[in-house]
Amino acid sequence: MVRYHSPLAQVLIISGVCFLCPGMFNALNGLGGAGQLDTHTTNNANTALYTTFGVFSIAGGGIVNVFGVRYTASVSCLTYAVYTGSYIYYNNTGNGILTIISGAILGVGAGVLWTAQGTIMVSYPTEKEKGKFISIFWVIFNLGGLIGGILPFAINFYRSGSLTDSVYALFVVLECAGSIAALFLIPPICVVRDDGSHATIVKSPSARQESLEILKLFKNKWMLLLLPMSFTSNFFYGYQFSQYNGAIFTLRTRGFNNLLYWASQILGSYVLSFLLDFPGWPRRKRGIYATAIMAVAFNAVWACTLAVQLRYTKGADATDYPGGLIDFLQTERAGAPITLYFFMGLVDSWYQTLAYWVIGTLTNDSRITARYVGFYKGVQSLGAAVSWQIGAREVPFLNQVIGNWALLLISLPTIIYTVAHIEDRALDEQLICTLHKDEGASMNTGNTHTPGHIPLTKHTVL
């Protein structure tokens, strides 16, 4: 039986929360236009969303450290319900201003929620379990996109047009349930690993101290090296969801593709976790092999995407794709483009899993992790904001493919350099410095404990 105060229990809870909130959001967004035939409003809403997402992700580490994971996650979940509910208004009025405003509000909540999620997923497990815990989260989270995509696919199987109000209303209910589930999270200091150590052993900081620590991230060598990877990691969603899935497939096939995309995410993360936690190799070797696999696969996917993109220049009802919109029952036409979309999801999961794993190699302290993850998600979201606005401004599809591929190639050298400098133990000199400053602790020269791994019994009173 899983202990409530164990890292696994807390990762399962935050996974369930993200299943119900970001997972449902992904199910809608993956349809292209959030289930709307006209993607213009959704593209603008996503631009607003990812702009505020970027700002509040960078600030999110400080917010989570000051106010805690439980309440920040719970309140953040409600912003997903506000955004999804705005489409009911849009369906009935055709006015997209509320959806765009709701997108900006969601960006605030999402920035904070994903920082809390990353803190739990990366800093709670021990060194040898990080890949497994990332995989557990990624599987459950993407089940949200998978299961959430079944409903619109079934409803639209024999009809065309935008999603109905009832579908959006059901998603709102599920997202509100995610807000309630987040209340079951506990503070990091109460989390006890199986070896008796705690997930964090430092005092809660002041808002001023957190603000200063966040500013220091812009001078942090490792965060600067991860900038290209962070910016690129969600940039391709705009093209894949709207200019590919939303452009050349019928509505029901977009839903079918959505199921495959999130299923491939589950498979990809699960498979890569075995390599990232493989006990027979040092951590650096695992990281190098994982990076090589991701790089080769991602370049192959973009090469195939370019080949498909050369066949059309316009999407949706006005598409000039040979033979018109593709339906998944047209097996001869649909096989290759749908398979490609499956592999788009697969390599995305490898990219995201590798990014979180690399961050997890830098520190085991939950406070530092919150700042690192917030920085990663912030830059990632700014990249996504640019991507969605490119789609809204109707930049030629071919230019978008070339731009996405170029960004991947630019990010690879810094990823490789960072992975090549991974240590077999987390770089927790920062934690030791914090302990000296905040707790007045002194290191015993005869102490054989790993830095950042100070054992406490499961019954320690805090």
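Let's start with contacts, meaning heavy atoms within 4.5 Å. Among contacts in the protein chain between residues at least 6 apart in sequence, 85% join residues at least 24 apart.

A word on the model. It is predicted, so local features need pLDDT of at least 70 and side-chain atom pairs count only at pLDDT 80 or more, while totals for chains, interfaces and linings use all residues. Residues are numbered from 1 along each chain as its sequence is written, and side-chain values use heavy atoms, leaving out hydrogens and water.

Now the chain. It has 17 helices and zero strands. Those are DSSP runs numbered from the N terminus: helices are H or I with at least four residues, strands E with at least two. Of the 462 residues, 59% are buried, that is, under 20% relative accessible area with a 1.4 Å probe, protein chains only.

Next, one residue. Glutamine 117 lies in helix 5. Is it buried or exposed? Glutamine 117 is buried, at a relative accessible area of 0%. Beyond its neighbours within four places in sequence, glutamine 117 touches Ile14, Cys18, Phe137 and Tyr356.

Last, the largest cavity. A cavity is a set of points on a 1 Å grid over the protein atoms alone, where a 1.4 Å probe fits but cannot get out; lining residues have an atom within 4 Å of a point. The lining here has 21 residues. Nearest the centre are Asn26, Trp114, Asn234, Tyr237 and Lys377. Elements giving two or more residues to this lining include helix 2 (22-29), helix 5 (97-123) and helix 15 (366-392).

Key: 1 Å grid on protein atoms, 1.4 Å probe; cavity = no way out; pocket = protein on both sides within 12 Å on 5 of 7 lines; lining within 4 Å. Buried < 20%, exposed > 50% of the residue type's maximum accessible area, 1.4 Å probe, protein only.
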